Amino acid sequence: MLAAVLLPHERPARLPGAEAGVLAFPDQRSVSRAAEARLAEAVGLAASIGLTIVHSAAFPLRTRRPSTLLGEGQVEAAKLAIEENKVGVVVVDAALTPVQQRNLERAWGCKVIDRTGLILEIFGERARTREGSLQVELAHLEYQRTRLVRSWTHLERQRGGFGFLGGPGESQIEIDRRLIGERIVKLKKELEQVRRTRGLHRAARTRVPFPVVALVGYTNAGKSTLFNALTGAGVYAQDQLFATLDPTMRAIRLPSGRTVILSDTVGFISDLPTQLIEAFRATLEEVAAADIILHVRDVAHPDTSSQRSDVLGVLHEMASGENPTLDEHWMGRTIEVLNKADLLGGIADVPGTDASAIAVSALTGEGLDILRAALDARLAANMVTLDYALPPSDGARIAWLYQHGEVLAREDADDCIRLTVRLSPADRARFEQA
């Protein structure tokens, strides 16, 4: 159990305009992730929005105090570090209640951000599209609605009525809560329109059907780098947490000649705020509609097993509840991609690879041919092999079979062209009914 971890030799130079931060990680016995790995991840989260971490500490937490979460001695120890480093922002890597956040701010005399608030700040900074901005704003308002208790004294003043309708009126806190509620209703309507638009796009793809392959995984597992390596696209990819938020889709060609659509989605993280899971529902529905799910893992990360559990936990949550967005058979169409094999010496040095777990290096390209072949094999497993005899003049239908199926054999005769082709059941029905 860690009592404290100081980073005097790793302390970075302060960035211009960046706030210095103390990062307190309550080391709870119930947390399965190693304390060192969790602390390093929290430091990375804070650094990704420009906070310079000048001190970090992991506190053993036996019980959660309702008033401050931490014990009195731990609060005092953190206060000494705050005063010594003249810190303006403290990041607590845990979910704080509004009361705990307010009490810690009073005790430390500075701004306090919990894990949920920190992730929301990152998402707010990284959202680029209209859809991403809507989702982040909704999550932020849902979070802030419970934090109005932290507001300052102006929220305690009453606004009186007018004339005979006088009286106590609405307090400022009630007005703020009402305005936030109205904005949330409006955002949910706009996001519902986003969901309908995405549904129309998916319906259009089924009319000109290409299988969809969705990338999911822990943040910074290398999804965007793998996406670029497979598609040749220039999607933003950096060695930082939540480098990309907005989903991107590109068509790729497999060795069989089959075309599939590859979709890059938002990364997951441990203790992902429930507000974000709900707000990004429209984005995550791309995963639900996918024919194959590629679970990308950073196999070189010391905490890769815990990261895997966190991602699977979110996917299981999507498949449960009253309105599940993921069907119960999603595990059967999932392939694990063990990325960053180059950090272990190559794909031959990655343990646990089999038909359902493929080692690759998106950076060097090693193993990508095996991954493409695995996608082909998985798609072909649900296909049927058929023989058709078509007149040579029916070039449109012959071209359709080449475009949507896998032509295994062809025999040209004077009166007909015989094709042995592998098709999905949906494409077979579509071809034979045309």
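**Close-up views of a predicted model**

View 1. Strand 12 and strand 13 form a hairpin with four residues between them; helices (H or I, at least four residues) and strands (E, at least two) are DSSP runs numbered from the N terminus. The model is predicted, and local features need pLDDT of at least 70 and side-chain atom pairs pLDDT 80 or more, whereas totals for chains, interfaces and linings use all residues. Residues are numbered from 1 along each chain as its sequence is written, and side-chain values use heavy atoms, with hydrogens and water left out. Residues 406-412 of strand 12 and residues 417-423 of strand 13 pair in the antiparallel sense over six bridges, where pairing requires that DSSP finds at least two bridges between two strands. E406 stands opposite R422, and these two residues form a salt bridge whose closest N and O atoms are 3.1 Å apart (a side-chain nitrogen of Lys or Arg within 4 Å of a carboxyl oxygen of Asp or Glu). E406 counts as buried at 16% relative accessibility, while R422, at 22%, counts as partly exposed; buried means under 20% relative accessible area, exposed over 50%, and partly exposed in between, for a 1.4 Å probe and protein chains only.

**View 2. The salt bridge between K340 and D298.** The structure holds 15 salt bridges, and in the one between K340 and D298 the closest N and O atoms are 3.4 Å apart. This pair links distant parts of the chain, 42 residues apart, with K340 in the loop between strand 9 and strand 10 (357-359) and D298 in strand 8 (residues 292-298). Both K340 and D298 are buried.

**View 3. E336 and its surroundings.** E336 lies in strand 9 (residues 334-339) and counts as buried because its relative accessibility is 13%. The side chains of E336 and R308 are joined by a polar contact of 2.4 Å, meaning a pair of N or O atoms within 3.5 Å of which, within protein, one must be able to donate a hydrogen and the other to accept it, residues adjacent in sequence counting only if both atoms are side-chain atoms. Neighbours within four places in sequence aside, E336 is in contact (heavy atoms within 4.5 Å) with residues including H295, R297, S356 and I358.

**View 4. A buried lysine without a salt bridge.** K223, in helix 7 (residues 223-231), is buried yet has no salt bridge, the nearest side chain of opposite charge being that of D264 at 5.4 Å; Lys and Arg count as positive and Asp and Glu as negative, with His and the chain ends not counted. Among the residues that K223 touches, not counting those up to four places away in sequence, are L215, Y218, T265 and V296.

**View 5. The largest nonpolar core.** This core has 30 residues, and L118, V287, I293, L315, L326 and W330 have the most contacts inside it; a nonpolar core is a set of buried Ala, Val, Leu, Ile, Met, Phe, Trp, Tyr and Cys residues joined through side-chain atoms within 4.5 Å. At least two residues each come from helix 1 (35-47), strand 3 (89-92), helix 4 (115-126), strand 5 (212-217) and helix 10 (304-318), and helix 10 gives the most, with five residues. Another core, of 23 residues, lies apart from it, with V213, F227, I252 and I358 among its members.
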